[in-house]
Amino acid sequence: MIDIAILGYGTVGSGVAEVVSMNAGAIRRHAGQEVRVKWILDVREFPGDLFADRLTKNPEDVFGDPDVKVVVETIGGTGIAYGFSKRALEAGKSVVTSNKELVASHGPELMHLAHDHGVSYAFEASVGGGIPIVRPLTKCLAANEILSIAGILNGTTNYILTRMQQEGIGFGEALREAQEAGYAERDPSADVEGHDACRKIAILSSIAYDRFVDYRDVRTEGIVELTSADMAYAAALGRRIKLVASCRRLEDGRFDAQVRPTLVPIDSPLAVADGVFNAILVEGNALGQAMFYGRGAGKLPTASAVVADVVECVLHVDRTPHYRLWHREDRAVVAPFGETPVRLLVRIDPGGAAEDPRAAVQAAFAPLGGARLVFRPSDLAETGLAFVVGEGRETAEADLRAALAGLEKLGMRTRSLLRML
Ligand code: HSE
């Protein structure tokens, strides 16, 4: 039998205790021995809880207990969770986490600490909740050069976008719905501003390219500015707007890594992921495309991934860690925003300045491959122009934006700029 401890008895932590108990037989078969939750560390009281006999407020019970071989960190954030993770690894205990913030910011250091102490640092649940993606990228796709990753990595924003698209409601109303349904936090900024997806794509990219991708280098834009008019134009173009986190290696060895609202074709595998579901499209040079789809959040789905990592750690107790190491100094060079080619849907308010706004748009973009005007959806009250640029020939985003700035000098106002896949 092997003992584990859970740090943080919130949604995921309590799910871990539940899964370990509910699926004890399967876990024993896969781990080769019984797994027991010995300690649950949390400062809060949980009167009458099923696992009340394991609860402690004293960290020493966990870190000083030689029987505890694996510590599950489900506290979240980079404060206490960071200190506790270090302490566990230094005490020779493997650490399993669902904490993407911590992996994205302190992953290299914690992996090295694990390596130095001959234990594992595992984080399958940090991306895609219950969807297997970290281990498939690490192991099953090891024979590929990964050409690109494009994913819907945040369930909250996907729920909001789905409601906006299906019901024609605005961002604010859809966010309120998401909060009422328990999907969005009271302070939803990490989700709706794209920071959560940013951490996750940084982690996936670091695994795929074997170089540390610093999340601070990933250009990140959220969904707060999106309007019903954006949704209507996307539908008119046979597309859906998704918050897509993407990374690809450029020919010069640098990387293009971004999180932004993106128009995906309706027949793209990414477009089928609605509601709180996540979808991750990985393209390998031998495999072609593979899609990973499922529940990217939630108590039991996330606990499913955490406990699978616990099993992996149990199998590796007293052996070398089972993940590659990221070196902070071997940092991937992410191309500055604007340098990479893009296709954009642009919506503008022509203002009164240009006599013939359509002609002005065509003239501005003629040297950059032209602009394709998009018909205004019949049910849209908003006036103005919409057009697609960057499809006549490959053009860096900065050049497209510079042409747009020229139009703004004529009195036009840019309403939105959306990437098209
Ligand atoms: N807030 C996250 C989401 C939870 O909505 O996807 C899982 O990381």
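How are H1 and H12 oriented to each other, roughly parallel or roughly perpendicular? The analysis rests on a predicted model, in which local features need pLDDT of at least 70 and side-chain atom pairs count only at pLDDT 80 or more, whereas totals for chains, interfaces and linings use all residues. Residues are numbered from 1 along each chain as its sequence is written, and side-chain values use heavy atoms, with hydrogens and water left out.

Helix H1 spans residues 11–22, and helix H12 covers residues 299–315; helices (H or I, at least four residues) and strands (E, at least two) are DSSP runs numbered from the N terminus. The axes of H1 and H12 lie 8 Å apart and the helices pack at an angle of about 65 degrees, where axes are lines fitted to C-alpha atoms, for helices over the stretch in contact, and angles run from 0 to 180 degrees between N-to-C directions. H1 and H12 are therefore roughly perpendicular to each other (under 35 degrees counts as roughly parallel, over 145 as roughly antiparallel, 65 to 115 as roughly perpendicular and the rest as oblique). The contact (heavy atoms within 4.5 Å) involves residues of H1 including Thr11, Val12 and Val16, and residues of H12 including Leu300, Ala303 and Val307. By class, this contact of H1 with H12 comprises eight nonpolar, four polar and two charged residues; Ala, Val, Leu, Ile, Met, Phe, Trp, Tyr, Cys and Pro count as nonpolar, Asp, Glu, Lys and Arg as charged, and the others, Gly among them, as polar.

Thr11 is exposed, with a relative accessible area of 54% (buried means under 20%, exposed over 50%, partly exposed in between, with a 1.4 Å probe and protein chains only). The C-alpha atoms of Thr11 and Ala114 are separated by 26 Å, at 103 residues apart along the chain.

Ala114 takes part in the contact between H4 and H5. The axes of H4 (residues 80–90) and H5 (residues 100–116) come within 10 Å and cross at roughly 15 degrees; the two helices are therefore roughly parallel to each other. Seven nonpolar, two polar and three charged residues form the contact of H4 with H5. The buried residues of H4 are Ala81, Tyr82, Phe84, Ser85, Ala88 and Leu89. Just after H4, Gly92 adopts a positive phi of about 80 degrees.

Gln258, located in strand E10 (residues 255–265), is buried, with a relative accessible area of 4%. Residues touched by Gln258, not counting those up to four places away in sequence, include Val218, Phe337 and Arg419.
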